[in-house]
Amino acid sequence: MDAIQLENVTKVYHVGEVETHALNDVSLNIGEGEFTALVGPSGSGKTTLLQLIGCLDKPDKGAVKIKGQDVTRLNANQRADLRRESIGFIFQFFALVPVLTAYENVELPLLLGSVNAKERRERVMELLKAVGLSDRARHRPDQMSGGQQQRVAIARALAPRPLLVLADEPTANLDTDNGKQAMEIMQRLNEKTGTAFVFATHDPRVVAFARRVVKLRDGRIDSNGATG
Amino acid sequence: MSLSKLWMLAYRDLGRNRRRSILTLLSVSFGLALLIWMAGLIAGVLEDSLQNSIVFRTGHLQIRASSFEEDKLSLQSKDLLANTEDLTTRANALNEVKAAAPVLWAGVILDTLNDSASLQLYGIDTASPIYTPIQTSVVAGSFLTADDRDGILIGKLLADSLNIGAGQKVNLAIVNADGQPDEGTFTVRGLFSTGIPSYDQSSVFMPLSKAQAFTGVAGHASAIFILLKDQADTDKVAAALQGPGVSIVTWSSMNSLLINAIQAGMSFYVLLDGIVILIVAVIIANTLLMAVFERIREMGILAALGMKQRQIMQMFLLEAGILGLLGVIIGIVFGLGGVAYLATTGISIGDKMAAVAGNSFALGTTIYARFDTGQFAALSLATLFVILLAALYPARYAAHLEPVDALRS
Ligand SMILES: Nc1ncnc2c1ncn2[C@@H]1O[C@H](COP(=O)(O)OP(=O)(O)OP(=O)(O)O)[C@@H](O)[C@H]1O
Ligand SMILES: [Mg+2]
């Protein structure tokens with residue numbers, strides 16, 4: 001079964017008199033364990049699409065289904081639960097909580113859930129090791145480089161063992177080497193854990209990592225690169 | 001998410017802008033300390049002025065003739081007590097009574113060569129322990145003896161304003177028991193200073209027997225003035241002394257004017273309290289709103305991670321709670337320290353202030369604070385409560401941000 005199904009999704013933004021059809025009748029399936037790039041020119045609706053998949057926002061029309069369940073009907077609390085359990089987020093800016101250490105940042109989504117202390121510890125240490133930051137566990141974000149912070153964010157996104165990780169231009173603020181390293185880590189974790197990844201990007205070097213490429217243009221799917 | 005982890009987040013967030021947190025903390029502390037100082041001072045002023053009034057003016061109880069009217073100070077024998085010795089002995093025989101003595105009051109005019117003053121004459125039993133406070137407050141000359149035939153005692157403040165001193169002669173004029181004007185020459189034997197200007201400026205003492213002769217009310221007295229060992233026994237003693245032809249008046253009815261003034265003062269004071277607490281609330285709300293605005297994107301991240309509105313709200317309320325609790329604790333420490341200082345050293349308010357206040361308050365020139373634990377606790381709790389109340393709006397604001405809007409900011 002597909003992890004995510006978008007059925008005829010439309011999202012319109014209103015600013016004063018102006019209506020922007022950020023997404024226009026988009027249908028898209030994302031399978032479990034995919035490693036998919038979302039590409040398209042600026043303003044084509046990539047971020048909007050990720051926000052809808054991630055239950056951060058609701059579409060004006062159409063359905064968003066996660067594991068077959070239509071999430072557009074859920075209330076704010078239920079959507080928060082769903083995000084916590086099933087979806088990891090990675091942002092372009094290194095979205096760590098500044099007052100928490102690397103360890104605590106990765107632990108945070110587990111604390112929001114009900115994972116016991118021993119299990120939390122094991123998962124956090126394992127993930128920090130996987131992103132090569134075992135020795136930075138006690139560092140605060142402002143004591144780490146941008147590349148290191150983004151790797152902590154990757155570890156945090158994977159901590160709840162989500163169905164899907166959504167990354168909005170995860171390498172845009174990284175130099176080439178750090179961007180490549182981040183992509184390699186995501187690829188490795190995708191293979192190891194079977195968590196699906198969808199990442200929006202402009203960067204052809206990042207797109208090269210993808211097994212599937214979905215192209216957006218003016219709020220419509222230009223080519224959905226479906227593998228089967 | 002367990003409360004303890006939210007607590008940690010809230011605590012660390014306070015450390016982010018340390019200066020702002022400390023300033024907020026200090027304003028909470030100072031606000032509460034101020035409230036406690038005011039409450040302590042007011043409790044002190046009220047209790048002191050009541051006790052001063054009881055000791056010097058009203059006693060705990062008075063036995064009077066049924067027809068006596070306090071504001072007339074009548075000298076007619078039907079308004080006075082005749083069997084004074086009997087009544088005094090009966091009162092003194094009661095265990096609860098510390099001292100009882102007859103007293104005769106009259107309105108007099110004191111004349112010097114250039115000046116005059118309208119005073120209340122007290123004919124007193126000079127040997128009674130009731131007048132020990134006057135005796136110990138004599139600052140010039142000497143106290144009176146029972147057989148002194150022309151000696152009087154007046155307040156130092158009055159003497160200063162009339163430009164007279166101990167040993168000097170003055171003229172006293174009255175309307176006597178027969179309704180006839182009369183006057184006599186007296187020698188100022190001594191000057192007293194009780195520290196209560198309203199009293200020191202308006203009283204003149206002479207021995208009871210001389211006062212009776214001067215006013216023409218042989219053997220009579222206006223009242224038997226009674227002080228108790230314990231104020232709480234008032235009603236019991238009043239009941240025991242009840243008898244035909246006399247009325248027993250208690251300190252609470254005699255001081256009703258003072259007590260009313262106290263209550264009127266209280267409502268003003270509640271207003272002041274409200275203003276201080278409101279300022280503290282505004283400061284807390286402002287600090288928290290700034291904290292929320294600085295962290296809008298972070299709220300988006302926390303929401304994306306699955307933090308619920310309720311938890312975000314709790315986090316900010318905890319921040320306010322930590323600030324509030326620490327502020328209140330520090331405030332209590334400063335507050336009690338201040339009250340301790342004001343209770344021992346006091347504040348000098350000066351003669352004029354005291355005299356002005358003296359119309360309704362028997363105030364001394366130095367006012368002392370008192371510990372009023374119940375009141376202090378109520379103020380501390382009220383402050384904490386209002387802080388949490390003030391935090392509700394910013395906390396709700398943070399909790400109800402739309403995640404997408406928060407992330408885009
Ligand atoms: N909150 C909003 N209010 C109004 N219009 C919006 C809002 N968010 C996005 N839009 C508009 O919707 C369209 C799609 O925006 P979106 O951010 O999804 O594009 P994108 O593909 O992520 O672009 P970029 O590559 O620049 O990040 C754009 O035209 C944008 O201006
Ligand atoms: Mg975008």
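Two salt bridges (a side-chain nitrogen of Lys or Arg within 4 Å of a carboxyl oxygen of Asp or Glu) are found across the interface of chain A and chain B. One of them pairs Asp81(A) with Lys308(B), whose closest N and O atoms are 2.8 Å apart. Helices (H or I, at least four residues) and strands (E, at least two) are DSSP runs numbered from the N terminus.

This is a predicted model, in which local features need pLDDT of at least 70 and side-chain atom pairs pLDDT 80 or more, while totals for chains, interfaces and linings use all residues. Residues are numbered from 1 along each chain as written, chains are lettered from A in the order in which they are written, and side-chain values use heavy atoms, without hydrogens and water.

The interface totals are tabulated here.

| Item | Value |
|---|---|
| Residues in contact (heavy atoms within 4.5 Å) | 25 of chain A, 24 of chain B |
| Buried area (accessible area lost by both parts together, 1.4 Å probe) | about 2300 Å² |
| Part of the buried area on carbon and sulfur atoms | 66% |

Phe93(A), Val99(A) and Leu112(A) supply 25% of the area that chain A buries against chain B, more than any other three residues.

Chain A itself has seven helices and 10 strands. Its C-alpha trace spans about 50 × 40 × 40 Å along the principal axes. Among contacts in chain A between residues at least 6 apart in sequence, 70% join residues at least 24 apart.

Note on methods: Buried area is the accessible area (1.4 Å probe) that two parts lose on being put together, summed over both.
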